[in-house]
There are 2 protein chains.
Amino acid sequence: MSRSVRVEVVGVGTELLLGQIANTNAQWIGERLAEIGADVLFHQVVGDNLDRIVAVIEIAASRADVVLITGGLGPTEDDITRDSIALALRVPLERDPALERWLRARFAGFADGAMPENNLRQADVPQGARTIDNDRGSAPGLAADLPGGVRLYAMPGVPSEMVAMMRSTVLPELAARIGAAVVRSRTIRCVGVGESRVAEILADLFEASSNPSLAYLASAGEVKVRVTAKAGTVDEAESMIAPIVTEVQLLLGDVVFSLDDESLEQAVARLLLASGRRLACAESLTGGSVGSRMSAPVGSSRVFIGSAVVYTTESKERVLGVSRETIEGPGVVSRECAIEMAAGARRLYQADVAVSLTGAAGPDPHDGAEPGTVWIGLEADDVSHARGYVASGDRARVRRWAEQSALDMVRRYLEGGRLPDNDRII
Amino acid sequence: MSRSVRVEVVGVGTELLLGQIANTNAQWIGERLAEIGADVLFHQVVGDNLDRIVAVIEIAASRADVVLITGGLGPTEDDITRDSIALALRVPLERDPALERWLRARFAGFADGAMPENNLRQADVPQGARTIDNDRGSAPGLAADLPGGVRLYAMPGVPSEMVAMMRSTVLPELAARIGAAVVRSRTIRCVGVGESRVAEILADLFEASSNPSLAYLASAGEVKVRVTAKAGTVDEAESMIAPIVTEVQLLLGDVVFSLDDESLEQAVARLLLASGRRLACAESLTGGSVGSRMSAPVGSSRVFIGSAVVYTTESKERVLGVSRETIEGPGVVSRECAIEMAAGARRLYQADVAVSLTGAAGPDPHDGAEPGTVWIGLEADDVSHARGYVASGDRARVRRWAEQSALDMVRRYLEGGRLPDNDRII
């Protein structure tokens with residue numbers, strides 16, 4: 001049976017109090033703790049001040065079984081979480097010789113080999129505490145038991161370092177402490193559909209499901225549907241999830257691009273690999289973002305050849321052979337230009353499939369097209385297609401949605417589905 | 001003269017603890033409070049639980065002059081901030097007849113005119129408290145004085161309603177209480193240097209400065225130094241900041257790329273525009289990320305022509321004319337390839353300046369180069385330069401640092417500075 005474990009999340013950093021950054025670490029941690037069934041009752045945030053950090057740790061320890069601290073473990077003078085923990089534990093800091101050697105070795109590999117001496121503060125460990133390896137940065141994490149048996153973990157505030165330590169050490173240790181319950185979830189990802197539409201389609205299933213439960217998360221041109229089950233074993237949890245995932249897929253249809261939390265570019269890469277085809281892009285509006293995303297997954301060089309970024313009118317003509325008729329006629333934000341760009345990129349890179357993007361990101365009109373106008377083109381042996389729409393929102397949103405539309409058009413083509421046509425506003 | 005006023009920000013809502021949303025209200029409030037010179041020492045977040053909300057209010061009141069609460073003022077059963085405040089004040093809730101009329105009138109205007117009775121809870125006011133009008137929703141805000149003279153404000157958690165009440169009532173009242181103080185800050189941005197090195201160089205200045213104060217913030221291949229002054233007037237604050245900014249710039253030297261919080265791509269665009277030059281890129285390693293960043297700022301088409309993304313060896317040869325000798329000799333991750341890619345892009349796009357990136361992002365070696373190997377090339381009328389190094393970290397970090405190195409090389413060239421040479425590891 002599972003035991004109730006109360007966890008308190010403490011963020012350290014004056015930048016959080018000044019509002020320079022939001023406390024997204026607490027959000028990420030809260031989500032993960034909910035998944036393993038831990039009870040989070042409070043968050044606190046405190047600045048880089050010794051007495052106040054100690055006070056916050058003491059309040060947390062008075063009402064929680066486990067205290068998770070993020071931030072203040074770096075090398076600079078204002079990084080004083082280590083010192084505060086030592087004070088709260090009523091023990092001295094001791095320099096760990098192995099950590100010191102590791103830090104010196106890390107810097108010896110750098111350009112001039114000179115390590116600023118204050119980096120060695122990161123080798124200081126409160127007596128009796130254990131360190132958590134950091135494979136992404138120089139500040140190790142800490143784990144210690146406060147008087148009264150409250151477990152304390154401290155991690156760097158850099159999100160990637162915190163996430164790595166949570167996954168490697170903190171979450172497994174907490175899950176073991178909580179006991180038998182296993183929580184598993186799968187994330188279904190959709191593109192080209194809004195969160196409210198997804199919620200409407202899945203309303204009955206949502207109402208009927210408490211375990212597994214459903215949750216929605218909308219982000220930059222995508223909607224995620226997360227199915228979470230609690231059970232006695234992993235197998236049991238997964239066999240509870242599987243039929244719900246199938247039902248979600250059937251209800252949502254072809255807006256679903258992944259049943260396993262792949263990114264859209266990963267899904268496209270998987271489909272390209274499976275069909276033995278290679279992709280090229282032609283980008284104006286997005287300036288290279290689609291190429292950047294297609295080259296992000298490991299192994300992408302097997303399916304992605306390149307992208308011709310042609311931001312000016314002359315470069316569209318010179319690099320991709322967009323015609324004078326198109327440039328002087330409908331202009332560079334047009335169906336004709338999108339088709340010619342895709343054809344040009346397919347020829348230039350000798351690709352099986354090419355996708356193109358041209359548009360007016362805003363805030364001003366571009367070549368006669370109103371801000372938000374987007375054209376996506378697709379060229380392959382058996383297809384020459386373009387789709388246009390006007391997107392609402394600022395420059396970054398127009399670009400992000402265009403990336404999604406372009407990758408989704410490639411995805412639908414590779415899956416043999418219907419290619420989307422023009423929309424008015426998305 | 002200004003008085004020090006300590007403010008604590010309390011978020012109420014189980015959805016914050018579960019990580020369903022980030023506490024962006026606290027961030028927004030923190031920024032605004034910093035602007036008027038209030039001292040925010042702590043944030044707390046608590047779920048929808050009466051005893052725990054009361055406990056959090058009591059802790060906040062013990063260490064702050066003003067407590068700002070967001071969330072839990074709505075009409076549903078789990079909205080219990082009103083009840084908690086009444087408990088903390090040790091007074092009963094009283095139904096406000098004017099508020100009740102306002103709520104009934106509000107609903108009378110709706111489609112079917114039927115008001116769920118629990119909406120009237122929003123007309124309940126702790127005895128002695130005053131309400132703050134809500135012109136965007138149905139839940140009024142509250143202002144009350146706790147025993148001991150601590151001022152408490154409660155606002156809805158819906159950001160637009162909270163923002164409206166902060167602007168209409170809370171910020172003006174706090175500014176009046178604080179007195180004349182104005183807070184201004186400027187952010188200096190650096191690239192190609194670590195946070196610990198920046199802190200070492202500025203250690204004496206950091207120690208000596210309390211007003212203006214210095215703060216460091218490291219992110220993805222950059223370090224920001226923020227200089228913040230409190231003064232009686234904006235002019236006074238700015239004249240206190242100016243000499244510190246100059247001193248920071250002198251101490252840090254050519255790693256500084258902006259004195260006004262520009263992004264690196266904005267700084268490069270500014271320098272290109274000022275010198276009447278246009279940039280092209282040749283990207284392998286980064287797949288288009290540099291082009292994407294250069295095309296992000298409004299107006300970038302005046303200075304950025306395009307980027308040839310050549311992810312495969314054949315496309316480097318076909319699109320950019322990288323030579324057989326290079327491909328068969330040192331390979332595509334080499335000084336020679338970086339130079340030929342930059343020269344090819346400059347020719348293809350007829351650019352004044354071209355920058356190239358080639359490398360092995362990892363996790364596997366690429367064309368004989370170990371993971372993390374990066375070569376950056378630069379070509380212009382008067383320069384043909386390349387720089388190589390091996391970066392540590394994962395694929396995303398290697399790519400991100402390469403973007404920074406490439407944009408920084410262009411920045412240094414345009415500023416007439418020394419171009420960086422090879423490093424071993426960064």
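Two strands pair if DSSP finds at least two bridges between them. Helices (H or I, at least four residues) and strands (E, at least two) are DSSP runs, counted from the N terminus.

## Basis

This is a predicted model, in which local features need pLDDT of at least 70, side-chain atom pairs count only at pLDDT 80 or more, and totals for chains, interfaces and linings use all residues. Residues are numbered from 1 along each chain as its sequence is written, while chains are lettered from A and ligands numbered from 1 in the order in which they are written.

## A sheet in chain B

Strand β9 (residues 182–191) and strand β11 (residues 222–231) of chain B run antiparallel, joined by 10 bridges. V182(B) has A231(B) of β11(B) as its bridge partner.

Both strands belong to an open sheet of four, ordered β10-β11-β9-β12 (chain B), with antiparallel pairing. From one strand to the next, the twist averages 30 degrees. Axes here are lines fitted to C-alpha atoms, for helices over the stretch in contact; angles run from 0 to 180 degrees between N-to-C directions.

## Helices α2 and α6 of chain A

Helix α2 (residues 24–35) and helix α6 (residues 159–178) of chain A cross at roughly 25 degrees, and their axes come within 11 Å. The two helices, α2(A) and α6(A), are therefore roughly parallel to each other (angles under 35 degrees count as such). Their crossing is right-handed, meaning that the near helix is turned clockwise from the far one by less than a right angle.

On α2(A), the contact is made by T24(A), N25(A), W28(A), I29(A) and R32(A). On α6(A), P159(A), M162(A), V163(A), M166(A) and L171(A) make it. Contact requires C-beta atoms, placed from the backbone, within 7 Å. By class, the α2(A)–α6(A) contact has seven nonpolar, two polar and one charged residues. Ala, Val, Leu, Ile, Met, Phe, Trp, Tyr, Cys and Pro count as nonpolar; Asp, Glu, Lys and Arg as charged; the others, Gly among them, as polar.

## Where the chains meet

In the interface, 64 residues of chain A are in contact with 64 residues of chain B. Elements giving two or more residues to the chain A side include α1 (14–17), α3 (50–63) and α14 (335–349) of chain A. The most comes from α2(A), with eight residues. The chain A side divides into 30 nonpolar, 27 polar and seven charged residues.

Strand pairing also links the chains. β2(A) pairs with strand β2 (residues 39–46) of chain B in the antiparallel sense, over five bridges. F42(A) stands opposite V46(B) in β2(B).

Terms used: Parallel < 35°, antiparallel > 145°, perpendicular 65-115°, else oblique. Contact = placed C-beta atoms within 7 Å.
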